[in-house]
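Morning, everyone. Please bring up the model on your screens, and we'll walk through a helix pair and then some salt bridges.

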Amino acid sequence: MSESARDYRSTLNLPKTDFPMRAELPKREPARVAWWTEHQTYRKRLARNGEQGGAPYILHDGPPYANGDMHMGTFLNRFLKDALVKIHLLDGRYADFVPGWDMHGLPIERETLKHLKLDFRAADPIELRRACRERALYWMGRQREQMLRMGASFGRFDEPYMTIAPEYEAVIVETLADLAERDYLYKGLRSTLWCVYDETALAEAEIEYKDHTSPSVYVRFPANAAQRPALLEKFGLDDDGTPLSVAIWTTTPWTLPANVAIALSPTATYGVYRVAGEDIIVAEALAGALFERMAAGEAILRGEAPGSDLERLAVRHPFLDRDSLVILADYVELETGTGAVHTAPGHGEVDFESGVQYGLPILNPVDGAGRFTAEAGPYAGMFIFEANARIVDDLRAAGLLIASESYDHSYPHCWRCKNPVVYRATAQWFIGMDRHGLRERAERAVHDVEFLPAWGETRMSQMVENHPEWCVSRQRAWGTPIPAVVCTACNESLLDPALARNLAQAMRARSFDEGNASDLWWTEPVSAFAPPGLTCPRCGGTAFEKERNIVDIWFESGVSWRAVLVERGMPFPADAYLEGGDQYRGWFRSNLVTSAAVRDRAPYKSIIAHGWVVDQHGHAMHKSTGNYMATDEAIAKYGADVLRLWVASSEFTGDVRLGANLLDNVSNVYRNLRNRLRYLLGALDGLTPLSIVPREEMEPLDRLALAALDAFAGEVAEHYRAFRLHDAYVALTRFDIEDLSRFYLDALKDRLYSSAPDAPRRRSAQSALFEIFRTLCVLLAPVLSFTAEEAWQCLDPALRGAAESVFDLELPTVSPIDEAQLATWSLLKELRAQVAASEGIRDFQLDATIDVQEPYYDRFVALGDNLREALVVSALRGVHAASNGAPTVVVVPAEGEKCQRCWKYLPLGVDPHHPTLDATCAAIVRELEAKT
RNA sequence: GGGCCAUUAGCUCAGUUGGUUAGAGCGCAUGCUUGAUAAGCAUGAGGUCCCUGGUUCGAACCCAGGAUGGCCCA
């Protein structure tokens with residue numbers, strides 16, 4: 001065998017690692033979850049940060065509702081929370097994260113009733129509540145597993161907070177007591193959104209708008225003989241005996257029995273029109289459309305008047321024996337209808353306000369199940385939605401119907417049973433937003449909060465500004481009781497703070513395993529909680545009955561700052577709340593209001609809001625439209641780390657698009673990053689703690705690389721601290737490609753592969769690569785938690801040292817930037833790119849000559865052979881100090897012949913035993929042979 | 001209908017106080033490499049900066065109106 005044919009490959013130090021190129025994430029991730037749990041990675045790091053005096057960083061978890069499986073929106077939210085906790089944990093902070101669940105409320109109650117095939121009116125409340133509890137716990141357990149599976153396991157997942165826990169319920173009751181004591185809580189009649197199917201009042205947040213077809217009717221409200229002259233006079237007309245009426249428009253004929261007024265716009269002009277032998281009053285802007293519907297020939301305008309002139313006149317109710325007052329209201333629009341708005345204060349929010357303003361009776365002829373009471377006259381006993389047709393027929397028969405058609409519009413529906421809801425006047429408990437300056441206190445509190453994105457402040461302020469009176473009572477079973485009592489003598493409702501606190505105390509005495517602590521309100525008599533001498537403030541009575549209201553679940557989650565942070569002795573306020581943008585109106589606001597009322601400040605220092613997950617075309621995802629992506633399926637296909645990277649690759653403050661081709665794209669980026677980790681691990685083969693070269697003794701190029709690393713790592717860490725995940729992602733991928741893959745790793749190959757294994761120059765390179773590897777691992781960990789940990793575990797345990805997990809590493813601190821070194825590094829990259837771009841011939845087939853200006857000339861000369869190495873050429877023929885112009889590198893075909901071992905073109909044959917090798921390689925091979 | 005937000009390359013995103021030829025990564029095409037190899041390198045193509053109008057010597061950027069999409073409301 002001739003020497004020239006000899007294969008020197010085995011004498012090289014080629015990369016070697018067990019870290020697989022193929023990730024197989026779906027298969028491998030579950031074991032990693034178990035590993036983190038088993039090794040108590042989070043708990044141990046948290047404790048260590050605490051012991052070392054790390055400042056707290058508290059992300060307070062907005063509780064997901066314990067019903068249904070995780071969807072991609074939840075994934076986005078949980079990932080962001082997990083990344084935020086991990087960032088601060090790695091940064092040495094005491095990032096104590098307590099996950100929580102929202103577990104009371106109608107959806108669970110309904111699901112349980114359905115499951116048990118029960119009607120809630122017939123169900124025993126204690127039994128129902130027990131079943132609801134089981135259901136809620138089932139969903140919580142399931143959601144918790146899904147969170148752990150996606151790698152979002154860093155938190156107190158074995159001791160989460162639950163709104164059904166005794167101490168949580170106690171805090172709810174105690175907060176109600178505080179609010180009552182401060183006179184924020186009151187009972188009042190309100191036209192509230194009401195579901196006649198669930199027989200309960202609904203919060204705004206429990207409403208969904210959906211398309212609905214309503215009847216659309218135009219109705220005459222006739223003026224009688226006594227009313228006609230006053231009306232006609234305003235239009236400058238005499239009474240010639242022609243029938244006169246005001247035309248109103250409504251899409252809810254069933255509310256007509258409760259009509260007491262007609263609202264006009266104060267600024268619009270109204271006309272009296274003569275058409276087919278009658279006079280009709282209508283807004284001029286809408287007259288054309290109305291008479292077109294009537295199709296009764298030409299309408300002649302006889303007189304006109306501004307709406308403001310008609311105030312407090314009256315017409316007759318179309319079928320009940322009473323008047324309907326003409327009133328003015330700003331909300332009257334001139335887009336649809338007649339400009340004369342049928343007003344029933346018992347059946348509408350604005351109607352109610354007008355009713356109060358004009359001192360109108362609040363009629364409420366509808367019971368909780370949607371049936372007319374005797375007050376509705378001929379319609380008593382009918383179901384309201386069925387009465388619509390009957391009322392229209394009667395109006396037509398009486399000659400009072402001008403026109404009737406159907407009308408498609410967006411209409412409020414119950415979020416749970418999906419049926420249309422109505423407005424109905426009921427006695428409810430309210431938190432008075434305008435009592436004792438609560439709204440102003442909340443508004444002030446907003447100004448002390450930092451918002452990401454910044455425009456969140458505008459949004460939040462508006463939410464406070466527009467916050468209506470907060471109805472907090474519900475007539476259901478699955479919730480925390482509002483511990484109010486009714487005086488049996490005078491029927492007065494009373495929420496006595498002392499009584500409430502007694503109840504709370506009794507609930508606290510229960511353990512979680514004993515079941516629903518608040519069952520006490522159902523099972524125990526009033527006397528069990530009533531303080532001695534409790535008397536009715538109105539009549540002095542001393543006998544009371546319990547009210548059976550539960551509290552709105554938005555109030556429950558709204559006191560989480562107190563039930564979790566305060567109750568567990570954690571810092572208050574929290575550093576951050578992090579939820580979807582819908583929560584400006586939901587949880588951000590409910591927490592703000594309760595905290596402003598009790599503590600006079602916001603419960604959070606900062607709010608981070610994320611956008612919605614939409615499909616790849618930017619449209620909302622729905623199971624029904626077929627663009628829905630199930631989380632478990634996505635994890636099974638791509639793995640959690642790819643999905644985590646997908647979020648980081650997006651700008652989460654806006655809407656986040658998701659689709660298969662998008663995830664394929666992210667998968668490619670993932671593979672890139674993974675391969676870099678793999679290559680680094682391979683290159684570290686053979687490095688031991690003792691052979692690590694201190695930075696100041698490293699080769700000059702390695703020191704430059706680490707200067708670049710420092711700058712990069714500091715930048716990414718700062719992005720992380722400010723939670724600019726996307727910026728961190730961009731910086732990471734760029735450094736990975738531009739600095740490592742295309743430049744430094746390429747330039748190091750010769751030194752790593754062809755040096756003697758333990759040559760100082762090789763150890764220097766490995767030491768730098770170790771630093772880079774460790775830094776990349778910690779910077780990737782918040783996002784690619786699984787992969788970063790996997791890579792870290794593939795590292796030689798001796799190098800891993802005390803850091804058992806990648807989460808035992810430290811987030812880099814920002815070090816002073818050495819601008820000169822960075823500039824030198826950048827220039828080297830640029831010159832290397834020039835060499836790499838030279839056509840046809842490549843790398844070691846070339847020798848190079850460099851022209852640079854001061855100060856680079858000196859810096860380059862100081863690099864010694866590293867300069868040649870950085871350009872990946874066989875020889876550097878010279879470095880010239882150019883007088884001007886851009887730095888350049890000129891390449892020419894290399895002199896010498898290709899060394900069969902290191903592939904550089906050098907003089908060969910110095911060693912007769914290795915004629916195809918250059919002198920250095922020959923010497924190394926001889927040494928290796930001597931060892932064997 | 002109102003409030004808030006978004007719209008830049010096939011995809012995800014940059015684009016500093018208005019100022020040369022609007023950038024990066026991924027993808028795509030072509031070539032190289034076969035000692036990171038189900039990898040790596042190089043080169044290249046690809047843009048009506050959503051539209052219309054305005055301000056300006058000059059607009060992706062400022063102003064007005066509109067379109068599309070999203071969230072929240074009505």
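The crossing of α20 and α23 is left-handed. Keep in mind that this is a predicted model. Helix α20 covers residues 660-683, and helix α23 covers residues 760-780. They pack at an angle of about 145°, and their axes are 9 Å apart.

Which residues of α20 and α23 make the contact? From α20, they are L673, L677, L680, L681 and A683. From α23, we have R762, Q766, L769, I772, F773, L776, C777 and L780. By class, that is 11 nonpolar, 1 polar and 1 charged residues.

Now, salt bridges. The whole structure has 66 of them.

Start with R644 and D82, at 2.7 Å from N to O. R644 sits in helix α19, D82 in helix α3, and 562 residues separate them. Is R644 buried or exposed? Buried, because its relative accessible area is 0%. D82 is buried as well, at 4%.

Next, R562 and D178. Their closest N and O atoms are 2.8 Å apart. This pair joins helix α16 to helix α6, across 384 residues. R562 is buried at 15% relative accessible area, and D178 is buried at 8%.

Third, R538 and E492, at 3.5 Å. Here both partners lie in loops: R538 between α14 and β22, E492 between β20 and β21. They are 46 residues apart. R538 counts as exposed, at 58% relative accessibility. E492 is partly exposed, at 25%.

One last stop. E24, K27, R28, R674 and E790 are linked in a salt-bridge network.

Technical notes: Residues are numbered from 1 along each chain as its sequence is written. Chains are lettered from A and ligands numbered from 1 in the order in which they are written. This is a predicted model: local features need pLDDT of at least 70, side-chain atom pairs count only at pLDDT 80 or more; totals for chains, interfaces and linings use all residues. Side-chain values use heavy atoms; hydrogens and water are left out. Axes are lines fitted to C-alpha atoms, for helices over the stretch in contact, and angles run from 0 to 180 degrees between N-to-C directions. Helices (H or I, at least four residues) and strands (E, at least two) are DSSP runs, numbered from the N terminus. A crossing is left-handed if the near helix is turned anticlockwise from the far one by less than a right angle, and right-handed if clockwise. Contact means heavy atoms within 4.5 Å. Ala, Val, Leu, Ile, Met, Phe, Trp, Tyr, Cys and Pro count as nonpolar, Asp, Glu, Lys and Arg as charged, and the others, Gly among them, as polar. A salt bridge is a side-chain nitrogen of Lys or Arg within 4 Å of a carboxyl oxygen of Asp or Glu. Buried means under 20% relative accessible area, exposed over 50%, partly exposed in between (1.4 Å probe, protein chains only).
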